[in-house]
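Thanks for coming, everyone. I'll walk you through one structure today. Please look at the screen.

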Amino acid sequence: MAMVTSNLGSYQKTQMLRVECRKRDRDRDHKNIHPYKVIEITPPPKSLGIRCFPSNLQCGESVTIEGQTYTISAVTHRYQLRKGKYEPREKRLDVLSTGRYILNLYLENLLEQS
């Protein structure tokens, strides 16, 4: 699900849009494919749009978006309390280009050794 916020003067209106994964994104073997909001977190952060991926993604895994390989830095699931129940609101992937991810690991290792 994606959130759309419109600002109308001092009144702010929020709508929930349902994003369905396209048929070509689904695989017959993987029924658990869900939409994720993908953000490349290298400064400045850049939105890569809403993409469909399996529900079992973890940090350190590689994903390919439009021919570019990224490594997942964080997976965030946000929930909203509605009528006494928590409902899923947003699934977000924070990614880094694979080269940047490896460079960050190398620099962190150097920092620990010093």
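Where is the place of E66? E66 sits in the loop between strand 5 and strand 6. Keep in mind that this is a predicted model.

Let's stay with that loop. Strands 5 and 6 form a hairpin, with 2 residues between them. E66 is in the turn. Its phi is near 50°, a positive value in a residue other than glycine. Most residues other than glycine have a negative phi. Is E66 buried or exposed? E66 counts as exposed, because its relative accessibility is 70% and the exposed class starts over 50%.

Now the two strands themselves. Strand 5 and strand 6 pair in the antiparallel sense, over 4 bridges. Find T64 on the screen. Opposite T64 stands T69, in strand 6.

Strand 5 also has two faces. V63 and I65 make up the covered face. S62 and T64 make up the uncovered one.

Next, the inside. Which residues make up the largest nonpolar core? There are 11 in all: Y36, V38, L48, F53, L57, V63, I65, Y70, I72, L93 and V95. Strands 3, 4, 5, 6 and 7 each give two or more residues to this core. As a general rule, nonpolar side chains in soluble globular proteins tend to be buried together.

On to the surface. L103, Y106, L107 and L110 form a nonpolar patch there. Together they have about 380 Å² of accessible area. L110 belongs to helix 1, residues 98-113. L110 counts as partly exposed, because its relative accessibility is 38% and that class runs between 20% and 50%.

K83 lies between strand 6 and strand 7. Its phi is near 50°, again a positive value in a residue other than glycine. K83 counts as exposed, at 88% relative accessibility.

Last stop: P44, in the loop between strand 3 and strand 4. The peptide bond from P43 to P44 is cis, with omega near -15°. Most peptide bonds are trans.

Terms used:
Residues are numbered from 1 along each chain as its sequence is written. This is a predicted model: local features need pLDDT of at least 70, side-chain atom pairs count only at pLDDT 80 or more; totals for chains, interfaces and linings use all residues. Side-chain values use heavy atoms; hydrogens and water are left out. A nonpolar core is a set of buried Ala, Val, Leu, Ile, Met, Phe, Trp, Tyr and Cys residues joined through side-chain atoms within 4.5 Å. Buried means under 20% relative accessible area, exposed over 50%, partly exposed in between (1.4 Å probe, protein chains only). Two strands pair if DSSP finds at least two bridges between them. Patches are made of residues with over 30% relative accessible area and no salt bridge: like charges are joined within 9 Å, nonpolar side chains (Val, Leu, Ile, Met, Phe, Trp, Tyr) within 5 Å. Accessible areas come from the Shrake-Rupley method with a 1.4 Å probe; for residues, only the protein chains shown count as cover. A salt bridge is a side-chain nitrogen of Lys or Arg within 4 Å of a carboxyl oxygen of Asp or Glu.
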